[in-house]
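Subject: Structure handover

Dear colleague,

Please find below the structure we spoke about.

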Amino acid sequence: MAEKNDRLNEIGLSRSEYKGKPSTLCLGCGHNAIVAQVIAACYELNIPPESLIKVSGIGCSSKAPTYFMERSFGFNGLHGRMPSLATGALFGDTTLIGVGVSGDGDTASIGMGQFKHVMRRNLPMLYIVANNGVYGLTKGQFSATAEEGLALKKQGQNRYVPVDIVWEAIAGRASFVARSFSGDPQQLKALIKAGIHHKGIAVIDVISPCVTFNNEDEAFHSYAWGKSHEVALHELSFVPPVRAVKVQYAKGETLEVPLYDGTHIILKKLAQDYEPTHRARALQMLEEANDRNELITGLIYINPKQESLFDLYNLPEMPLNRLPAEQLRPSRESLDEINQMMY
Amino acid sequence: MTETKEIAQPPQRRLSGVNEFSINIGTANGSGSQTANLTLLRAIFKMGIPVSGKNIFPSNIQGLPTWYKIRVSQAGYAGRRKEADIVVAMNPDSFIEDQDDLVEGGLFLYDADIKDPINREDMILVGMPVKKILREAKPHKDLRKFVANMVYVGVLAQLLGIEMDPIEQALMFHFKGKKNPVEFNLKVIQLAAQWAADNLDLVLPYRIEPRDLTDKAILVDGNTAGALGSIYGGMHFVSWYPITPATSLPEAMLTFAPKLRIDPGTGKQTYVIIQAEDELAALGMVVGAGWAGLRAMTATSGPGLSLMTEYTSLAYFAEIPVVIWVIQRVGPSTGLPTRTAQGDINLSYYLGQGDTEHILLIPGTVGECFEFGWQAFDLAEKYQTAVLVLSDLDLGKNQWMAEPFAYPDKPIERGKVLWEADLDKIKGDWGRYKDVDGDFIPYRTIPGNRHPDSAYFTRGTGHDDYANYSEHPEDWEKNLERIKKKINSSRTETPGPVIQKQKGAKNGLIAFGSTDAAIREALDYLKQDGVKLDYLRLRALPPAQEVLDFIRKHESVYVLENNRDGQMHAILSLELPEKAADLISLAHIDGLPLNAEWIRESILQEENL
């Protein structure tokens, strides 16, 4: 394995060049699995690390960007306010790939407002929620995604119904919404790749167990529950344009979703016949799965053609942050005209 | 308790006369009175006489009483006057209290259909047959409500000698050249003027006589000036959330940026303006943009600024350039949202957790709103920090006469930024928070830089010179000390104070911001009272050396401000504890701009005259 991992990708970088600082999260934390898949996806997608930025809020989840892509710019911002930070930053250079990592507290509690508004604006970026139902850094309080009835050591029983991040994202008119599980690395990696190539907001709600505070077998966000209740909607793969011709699928078994840049998402049918292109049907499917006590994973909704935030502005080819000063200050003559207008 | 002395009237107190008087106009909010008031203001301005206008308005969309104060002043006084020489009363709801504003023997011009009692006998009374004049004009019924106010424009034009040409020009400007509304409003004005000519036989002490004192001047509000200054300062990114009285600043950008910031070569916009979901997000976006190398700004007022606290603190600590315009209104809480104050000095100066102290720019004129608009970006990028520009409702929302905006006299300065070629030169050896030049300002790279050594990790947590996470006590202390020295070093680069000296003055007066106009007027009166004061107008915090020297050189120094607790007085006392006992606080707040009368009286009491 070590040999294979050291192989250079198409831009001449080894997998280790996509790594970050050593993780300081707990051993076995679901978030470490997410970090590993981000590294693998970016390595395999041949992404130059300098063309990607990492942003996060506050919490265990938001520490994750330190642990991948050392050569990428990163910003660990404020609690619940990663979306606004990302919005401003990506306008600096819209060719940059944005990868945001948030948590269930960061997104569904303090950051609910910014979460909903970044969906609605369809900012092109990957938005990963590392969702474990519990506050880790403050040592074990219920988060807004904790299921009703969950019992935690110091907190007693949770009395409130949970927030479903996928449901909220779809209601917020996000253009790419997925759910995955830290215990399903292959699917997670494919979703990360697809999310990076999607031109719009790509939300992946990753059930990512907290081994320290919320991993009892019957807890919704535990490894055991996830393993025994996961129902994948489809077998999902992401296909860059050059390889598209090489892959053969039996007719009728698959659904191809072309993305704006010529890449494709291939969804191979499993038990259910599900097409992730209809909002209302997606919500209905989630509701029914919920009744059956299933952890539905996969690509739940996608609209690759939805107008992105950047489409609304007539921005120049050159990134705004590289425009020379003379392009930023209007002429002296224009000020004479302005003075004439000031009555 | 200080003893209150009877204050003698100063010599030549009476200002009223030719080109020297005030008009108070009482109307109902939302009745189109702003069009009438601005027409009067602009017509007088076009006749060459210095004039200023203040809108004293309620927090309401329609119906509540609202006032407009026009001050005509050949001498150039633009501060609010307590009393008016002419009162126009169009609103039954404020009819009684409007009478109180008038000077003895002043002109009370009112809508004759208002049947409320007239309580004073010392006024010149003119009841205008508003309905009758409107019937003659035959307005479309949808317009009737909005043109009624043109009646007082016509009557005042006749009584004061305001010519029809400048009135027409003012209407053309207001209606952007649209023929129909201009003609119709002008018709009402002419009918009203004719009525006055036929029916009134009055000799008033107040008159407008043409002058040439405004030929080169402009008439503008501070928020428009600030927006334009920012646009000429190379603003790339604005995120904002609506709040009175700041909203008109980003709105002016929405008007002017599409005219000024489309690249003629490509036809593309060189800026982004985005309305955020709240102030938390507005400043979040601005911090993200500042980090990514954009000249980024927001505009807000007290309540919004409170919500921006945490991101401002992060910008300070992580050293990210951002510009925040604070258009102050009356707090605490929602307070008086449509009234003016200088009450957020402390909030702005120290905004943030832990030890924070920001660079504040404090414009006192609309010209400075423009100037500080572009300078704020240069300073924010030079010092890699938050720069707050403190204006207020009086300066930001009211009409002020000024010199034409001056084109920036310095090129855009982007500060210490390393791009790919720079990193090549130093072989990638750099630390984001390392003070290599000994000026406390480190170098930064910008996301989008494709050099393999360009990236660093920005965080609100403790960090070392290379931006690595650190909880080492010495890293923390060293970093925070450097940031403090960095902010302190701005004292020589921010706009210095404006000082006006008087021969033989032993005492001084320090003020800042929009109170300037009223203070200049008060100082003229005080001179006649025999009180000489040197006057320093502070334009930035932390204060420049000249400010401290000024305090040291005077026996006593009054610190005058529009708030309750004397916030600037406290800040200056901390700067010079050895002179704190000689700093005398003159602070007052009631929602209205400070006026020359109050300033004069307060100083006379302190001087024991």
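Two residues are taken to be in contact if their C-beta atoms, placed from the backbone, lie within 7 Å. Counted in that way, residues 24 or more positions apart account for 76% of the contacts in chain B with a separation of 6 or more. Please keep in mind throughout that this is a predicted model.

To stay with chain B for a moment, it has 21 helices and 22 strands. Its radius of gyration is 27 Å, close to the 25 Å that the globule rule gives for 609 residues, so chain B is as compact as a globular protein of that length. The C-alpha trace of chain B spans about 85 × 60 × 40 Å along its principal axes, and buried residues make up 54% of the 609 residues in the chain.

Helix α8 of chain B, residues 222-232, is mostly covered, with 11 of its 11 residues buried; among them are Gly222(B), Asn223(B), Leu228(B), Ile231(B) and Tyr232(B). Just after α8(B), Gly234(B) takes a positive phi of about 85°. In helix α20 of chain B, residues 567-575, the buried residues are Gln567(B), Met568(B), His569(B), Ile571(B) and Leu572(B), and what covers them includes α13, α19 and the strands β18, β20, β21 and β22 of chain B.

Turning to the interface, 45 residues of chain A are in contact with 59 residues of chain B. By class, the side of chain A that touches chain B has 22 nonpolar, 17 polar and six charged residues. There is also strand pairing across the two chains, where three bridges join β2(A) to strand β16 of chain B, residues 457-459, and the two run parallel; within this pairing, Asn76(A) stands opposite Arg459(B).

Within chain A, an open sheet of three strands has the order β12-β14-β13, with antiparallel pairing. Strands β12 (234-239) and β13 (254-258) of chain A stand at the edges, each with a single partner strand, so one side of each is left without a neighbour in the sheet. The twist averages 20° from one strand to the next. β13(A) and β14(A), the latter covering residues 264-269, pair over five bridges, and the bridge partner of Val257(A) in β14(A) is Ile265(A). Helix α8 of chain A, residues 185-197, packs on the sheet and touches β12 and β14 of chain A, its direction making about 45° with that of β12(A).

In soluble globular proteins, nonpolar side chains tend to be buried together. Here the largest nonpolar core has 274 residues, and those with the most contacts inside it are Val203(A), Ile44(B), Leu109(B) and Val322(B); helix α14 of chain B, residues 366-383, gives the most to this core, with 10 residues. Leaving aside its neighbours within four places in sequence, Ile44(B) is in contact with Ile49(B), Val51(B), Val72(B), Ile162(B) and Ile208(B).

With best wishes

Terms used
Residues are numbered from 1 along each chain as its sequence is written. Chains are lettered from A and ligands numbered from 1 in the order in which they are written. This is a predicted model: local features need pLDDT of at least 70, side-chain atom pairs count only at pLDDT 80 or more; totals for chains, interfaces and linings use all residues. Ala, Val, Leu, Ile, Met, Phe, Trp, Tyr, Cys and Pro count as nonpolar, Asp, Glu, Lys and Arg as charged, and the others, Gly among them, as polar. Two strands pair if DSSP finds at least two bridges between them. Helices (H or I, at least four residues) and strands (E, at least two) are DSSP runs, numbered from the N terminus. A residue is buried if 20 or more other C-beta atoms lie within 10 Å of its own, exposed if 12 or fewer, and partly exposed in between; C-beta atoms are placed from the backbone. The radius of gyration is taken over C-alpha atoms; the globule rule is 2.2 Å times the number of residues to the power 0.38. Axes are lines fitted to C-alpha atoms, for helices over the stretch in contact, and angles run from 0 to 180 degrees between N-to-C directions. A nonpolar core is a set of buried Ala, Val, Leu, Ile, Met, Phe, Trp, Tyr and Cys residues joined through C-beta atoms within 7 Å.
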